[in-house]
Amino acid sequence: MADVAREAGVSGQTVSRVANGRTNVDDATRDRVLAAMRRIGYRPNSAARALRNGKFRSIGVIISALPTFGNSRTLDAIAAAVVAQGFSIILMPVTRPTQGEVTGAFSKLNEQAVDGVIILIEQHQLDQSAIELPHGLPVVVIDSSARYDYPVVDTDQADGAATATRHLLSLGHETVWHIAGPPQSYSAERRRKSWRSTLELAGAFVPPVLTGDWSPSSGYRAGLTLAADPSVTAVFAANDQMALGLLRALHESGRSVPGEVSVVGFDDMEESAHFWPPLTTIRQSFEAVGRHAVAALLTEIETGEEAGEPVSVPTELVLRSSTAPPPVPRVS
């Protein structure tokens, strides 16, 4: 730093301000210091700075090794929010959310010297009493019904599913069939329970659930079953990808959408507006979930106090062309 100060003709304190990204340096002086750093080959020592102020400006993310559309989009949002705050991000995938794997991930992140951890695992095992999260690091959990002491951030899954179901009932459909996500998923369980309770509250028949794995192929297989039943006039698929497979099955079976069967998805992935027909769906803001998670974690890091109540990010019904009133029964 002394060499840079001499080369730029400034004080060591000014070099320190530039190296630490402070704003109280005029542009011309900053450019001169940065040019001197490049000529000399000086790079700020982040490890030394961390030892000095106790902050590493790095956040760890423990994430399921099995990617899903929601997790991928949420991770993108987390990364964008982390970088915007001048932090780096370290990913730690786990193949199974067991006590051993989660504890091992925490240990590895501690070795990497992170300031806090975001957990993005949707499997149910994280809720089991056998899973105990190690203490000593600020933590935020995304998409969990676990009763942890840590802040939890999630989309309002239940309200989104209820909105989808009510929309189809309001069009005049007597009931709504459901293609659920995998049983080990928090999101799938919340959407399935809300769909069921919404039908029960409306006094409607509750059909048997068909279960998929979030993929279009699983939606297609369930769709073939539904297409063969002429009483099916409305289907809520737990995500847009399964809705895509459902649409193909209905088309191949000669069931028109929305003339004979109405379809609603969940996510509002970019491609949904270009399905045929364009898909009515529930929009969830992965960006808002990631932004809230990072904000809650940074609050913990800066203040040493955990954030308050769980954050529930609202959803929105996006109306397109895949829903309509049920067909009028033919008079013989």
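Predicted model: local features only at pLDDT ≥ 70, side-chain atom pairs only at ≥ 80, totals over all residues.
1. Six strands make up an open sheet, and their order across it is β2-β1-β3-β4-β5-β11, with parallel pairing. At the edges lie β2, residues 88-94, and β11, residues 311-313, each of which pairs on one side only. If the direction of the strands is ignored, neighbouring strands of this sheet are turned against each other by 20° on average.

2. Strand β3, which covers residues 116-120, pairs with strand β4, residues 139-142, in the parallel sense, and four bridges link the two. To find one of these places in the structure, look for I119, whose bridge partner in β4 is V141.

3. A helix on the sheet. Helix α11 packs on this sheet and touches β1 (58-64), β3, β4, β5 (152-155) and β11, while the direction of α11 makes about 160° with that of β4.

4. The pair α5 and α11. Two packed helices are described by the angle between their axes and the distance between the axes. For helix α5, residues 69-84, and helix α11, residues 286-303, the angle is about 50° and the axes are 8 Å apart. The crossing in which α5 passes α11 is right-handed.

5. The residues between α5 and α11. From α5, the residues in contact are F69, G70, R73, T74, A77, I78, A81 and V82, and they meet F286, E287, V289, G290, R291 and V294 of α11. Sorted by class, this contact holds eight nonpolar residues, together with three polar and three charged ones.

6. The pair α7 and α8. Helix α7, residues 157-170, packs against helix α8, residues 186-202, at an angle of about 40°, and their axes are 8 Å apart. These two helices are therefore oblique to each other, and α7 passes α8 in a right-handed crossing.

7. The residues between α7 and α8. On the side of α7, the contact is formed by Q157, A158, A161, A162, T165, R166 and L169, which meet S187, R190, R191, S194, W195, T198, L199 and A202 in α8. By class, the contact of α7 with α8 has seven nonpolar, five polar and three charged residues.

Conventions. Residues numbered from 1 in each chain as written. Heavy atoms only, no water. Axes fitted to C-alpha atoms, helices over the stretch in contact; angles between N-to-C directions. Left-handed = near helix turned anticlockwise from the far one by under 90°. Contact = heavy atoms within 4.5 Å. Nonpolar A, V, L, I, M, F, W, Y, C, P; charged D, E, K, R; others polar. Pairing = 2+ DSSP bridges. Parallel < 35°, antiparallel > 145°, perpendicular 65-115°, else oblique.
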